[in-house]
Structure formats: C-alpha cells, structure tokens
Amino acid sequence: MEIVWQTPANPPEAHDYIFRNGRRHVRPYYFEFISHVKNRWAGKTIVDLFAEEFKGRPYEYYVKAVKSGRIQVDDQMVNVFYRVQSSQKISHFLHRHEPPVLTWDMQILQMEADVLTVCKPPSIPVHPCGQYRKNTVVGILQAEHGITPLFPVHRLDRLVSGLLILARNATKADNFRQQIEAGKVRKEYVARVIGVFPAEEQIVNANVDYDAREGRSSVELGHPQSNEPLRGKTACTKFSRISTNGAHSIVLCQPLTGRTHQIRVHLQHAGYPIANDALYLSEFVCERSSNGRGADRAALLDGEQLSAESAFLCGGNSSDGVSACEDFSVDPMCTNCPNLAPKGYDALEEPLWLHCVRYTGPGWQYECPYPDWTCLV
C-alpha cells in the first residue's frame, strides 16, 4: 500500500469528512508529527523516550515504529538503542484519527471583504490544536466553502457556541487585535444557569487561576491577613438576568477580561453554575440539574498547550467508533484502527449552555441569534 504523508501544508477537502450518527468524522490520514528533543529527554534511548513520555501506546508499538522507520531522528532511521541529543528533530509518522464533532450547520452570518462572521456550533475547536486539524472551524470553512485564508479574531472554547469573527487578511486581524488589547471591544454571552439568578446586576471581580494539567480554572481570592501573591490573573465579569422559570435562569454575561473558563468559573463562584457544566458543578448541584449529563467530558484537552505527540494520547470510540473499513484503509500498525474515532472519545458529550451573542467595537457590531435552550418553558 502506497502511503502519502500529509503535513500542515495539506489543506482539508470536502471528501475528508464522513458523517455518521450525528457526528462529523475525519477520514483517517497519514501525518508526520514533528517535535524537537527537550533537554530533559537528552540521553534517553528513542524507545524509552516515547514509552515514558507518551504512554498512550504500548512499549512494543514504539519498538516496531522505530524498526520500521515510523519514528525517525533528523530524517534518518535509527536503531532501538539510539540515544537522542538535545534539539534533534524527531518525526513520528502516524495514521491520524481525529475526534468527531457534532454535525450542526456552521451558519455564515455575514461575509464582508475583510471580515467573516459565523455561528460556531459547539464541540468544534476554532483552529488546529491538540487532536484537531481538519475538524475545526477554519478547516471546515476551507474544505466546504473554499474560504481561505482566515484569521480568528477571538477564541471560543470548543464546547461553546455562538458568534465567531474571522478576519480575511492579516492587516484586518491586527486591527482587531489592537482594539481588543486597548479594551475597546465589548463581549456578550448568554448562559443557562441553575437557580433563580438575582434580578439586579451582579459583578464578580475575582482572580482566575487556570491549571493546565487539570484542565480547569478556579477562583482565587486574597486573604486580608496574607502577604502571599496571588497566582491567578485578575478577572471581572458582569451578569444580568434575562429570564427565569424558577429552576433555571438565562443570564447575560459580559466578561471585562478574557481568562480561560472565566464565565464558567465566575458563575460557579456566584452560586449559579451553568446547568449542564459537569466540570464546574458540585455533586449537590448535579442532582438538581434537569439535564445533568456532562458537557465537558473532554475538558482536560480544552485550553491545554499539548505537544504534537501528546495530543494523540486522548481520543475516542463508542458507538461512533465501530469498524469502518469501507470508508478508509486500515493501517496494520495503527493503535486506533479499525475504529473510525480515536480511542477514548465519549460520544455522549453535550453542547455547553454558553453562547456568544455579540461583539461591539469602535464603529462596528456583530451579532448571533440566541440558541433554542434560552427559551425557558
């Protein structure tokens, strides 16, 4: 079988996608992951390095990968006892299985000469990161609409839906960036939270400390009798109730800063967590939720700066991971084949009840329709 290795330079195409059971899959493809030897790796054998640092595959796999040339150093095959040196290039040639995302339509809201706005569906990351390359907003827009290049102006977490602004050239992207950094841009989200949110405006001004290893944030408050510096970053969010049915409330959220999971953790701190946000719900609150299934079953991947190799350590299968030999060629060395989805993927993952509705800046404003879950019955 002739193998064609892809790199980031290969653009996604429409035929790369497979639609099954409400999920958009990416047809598995061969890909070269490239990393460079860190100082703490130097002196380890190539097999021990992979087995110790990247535990998602068995030791025997790495032995076979080195012997077959699937793992190379400085573009050369090496033996299993080869000891790596600092800064050397390591290539790992893999049969890549990306996690599936929801098949929800990515609605184009407005197309201008230098700006594109879309309503981002939940579960889809904005741009290539971690396990995702083709199953991204940028990748899908390029594959199915031929729109490229695109420069995301802001970031929405993978499980968050709503307004996404993309510049169509680097100059416009830089213009947006300068306005955001100068504090001239106002952001608005809506969330569905547990409980009756207060009628009067609430302001949460509390540092947010993000733990990349745990994949979650926490609120950090200073103690008046302590001189210990706070590790978290300053964060402030305004909240206003839109409606309530006595069990849940729809809340307008205006973050004045942009910290990881800021709205989610500030709502939890205020005592009104997002109603299906398993990552920030206590056991007591989960029992009160009318829809307690987690929306963040893969949250440990959100926001993490994963290396190219470690990005492959999580993934999935379930009913979406059934054998799909008719859709792609099974690779005999692949640890995910014959399933379509990568191992570890949770098909029950739900959209988060958090949605971006509006961005406003000097002389411009972009909006997105409210989602169905904002209608309380």
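Two strands are taken to pair if DSSP finds at least two bridges between them, and strands (E, at least two residues) and helices (H or I, at least four residues) are DSSP runs numbered from the N terminus. The model shown in these views is predicted, so local features need pLDDT of at least 70 and side-chain atom pairs count only at pLDDT 80 or more, while totals for chains, interfaces and linings use all residues. Residues are numbered from 1 along each chain as its sequence is written, and side-chain values use heavy atoms, with hydrogens and water left out.

**View 1. An open sheet of three strands in the order β3-β5-β4, with antiparallel pairing.** The edges are formed by β3 (29-36) and β4, each with a single partner strand, so one side of each is left without a neighbour in the sheet. From one strand to the next the twist averages 20°. The antiparallel pairing of β4 with β5 runs over three bridges, and glutamine 72 is placed opposite serine 91 in β5. Helix α1 (residues 46-53) packs on this sheet and touches β4 and β5, where contact means heavy atoms within 4.5 Å. The direction of α1 makes about 60° with that of β5; such angles run from 0 to 180 degrees between N-to-C directions, and axes are lines fitted to C-alpha atoms, for helices over the stretch in contact. Helix α2 (residues 59-68) also packs on the sheet, touching β4 and β5, and its direction makes about 110° with that of β5.

**View 2. The salt bridge between aspartate 75 and lysine 89.** The closest N and O atoms of this pair are 2.9 Å apart, a salt bridge being a side-chain nitrogen of Lys or Arg within 4 Å of a carboxyl oxygen of Asp or Glu. Because aspartate 75 lies in the loop between β4 (71-73) and β5 (89-96) and lysine 89 in strand β5, the pair ties together parts that are 14 residues apart in sequence. Aspartate 75 is partly exposed, at a relative accessible area of 45% (buried means under 20%, exposed over 50% and partly exposed in between, with a 1.4 Å probe and protein chains only).

**View 3. A salt bridge between arginine 264 and aspartate 277.** The N to O distance here is 2.9 Å. Arginine 264 belongs to helix α5 (residues 262-270) and aspartate 277 to the loop between α5 and α6 (283-288), so that distant parts of the chain, 13 residues apart, are linked. Both arginine 264 and aspartate 277 are buried.

**View 4. The aromatic pair of tryptophan 41 and phenylalanine 54.** Rings of Phe, Tyr and Trp (its six-membered ring) pair if their centres lie within 6.5 Å, with planes under 30 degrees apart counted as stacked, over 60 as edge-to-face and the rest as tilted. A search of the whole structure finds 13 aromatic pairs. The ring centres of tryptophan 41 and phenylalanine 54 are 6.0 Å apart and their planes are at 85°, so this pair is edge-to-face. Tryptophan 41 lies in the loop between β3 and α1 and phenylalanine 54 in the loop between α1 and α2, and the pair therefore ties together parts that are 13 residues apart in sequence. Tryptophan 41 is buried, at 4% relative accessibility, and phenylalanine 54 is buried at 5%. Phenylalanine 50 and phenylalanine 54 form a tilted pair, 5.4 Å centre to centre with 55° between the planes.
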